[in-house]
Amino acid sequence: MSRRAGMTPRQNFQQDEKVLCFHGELLYEAKILEVQNAGASVPNPFSYRVHYKGWKSTWDDWVEEDRLRKLNDENRELAQSLKRSVTEATQKPKPISHKKKGLPSDFGSARGSEERSATTGATGRGLKRGRNMEIDEALDFTPQRSRCSPI
């Protein structure tokens, strides 16, 4: 559609109209708060101040008409398909597990689960490790009595 000289541009959206508005790659439901006309000499003479539904007013934004879409079923489907494509693109693929469930691993722990459960006490913790007397003797480690003198 071409503009003729002297033809005034048409305002496609009105104040208080509910629309879909692009923010980044996605379309969000929004409401037009204000409309500004920059004049007929500008290619996109209208700017719209929008409030995104469910967002804080700090996110209210002045947008050009090319970022707005009418709120209808066709554009809602477009918004849903954009959302799906963005989430699919940002999701990391789940790693493929080659481990078979229920079967013991060939490279797993040397002890089986039966042996492990036998060494746990009532609290679920393992047994206390005993002292290795051979190491203590080799290092000549003998516990010393306290050398404090009685008062």
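Does Glu65 count as buried or exposed, and at what relative accessibility? Glu65 counts as buried because its relative accessibility is 19%, where buried means under 20% relative accessible area, exposed over 50% and partly exposed in between, with a 1.4 Å probe and protein chains only.

## About the model

This is a predicted model, in which local features need pLDDT of at least 70 and side-chain atom pairs count only at pLDDT 80 or more, while totals for chains, interfaces and linings use all residues. Residues are numbered from 1 along each chain as its sequence is written, and side-chain values use heavy atoms, with hydrogens and water left out.

## The chain as a whole

Let's start with the fold. The chain has three helices and five strands, taken as DSSP runs numbered from the N terminus (helices: H or I, at least four residues; strands: E, at least two). Along the sequence they follow the pattern β-β-β-β-β-α-α-α.

Of the 151 residues in the chain, 16% are buried. Taking contacts (heavy atoms within 4.5 Å) between residues at least 6 apart in sequence, 41% join residues at least 24 apart.

## Around Glu65

Back to our opening residue: Glu65 sits in the loop between strand S4 (61-64) and strand S5 (68-70). Leaving aside neighbours within four places in sequence, Glu65 is in contact with Arg10, Asn12, Phe13, Phe46 and Tyr48.

Two of these partners also meet the Glu65 side chain through polar contacts: the side chain of Asn12 at 2.5 Å and the side chain of Tyr48 at 2.9 Å. A polar contact is a pair of N or O atoms within 3.5 Å; within protein, one must be able to donate a hydrogen and the other to accept it, and residues adjacent in sequence count only if both atoms are side-chain atoms.

## A positive phi at Asp16

Asp16 lies in the segment before strand S1 (18-23). Its phi is near 70°, a positive value in a residue other than glycine. Most residues other than glycine have a negative phi.
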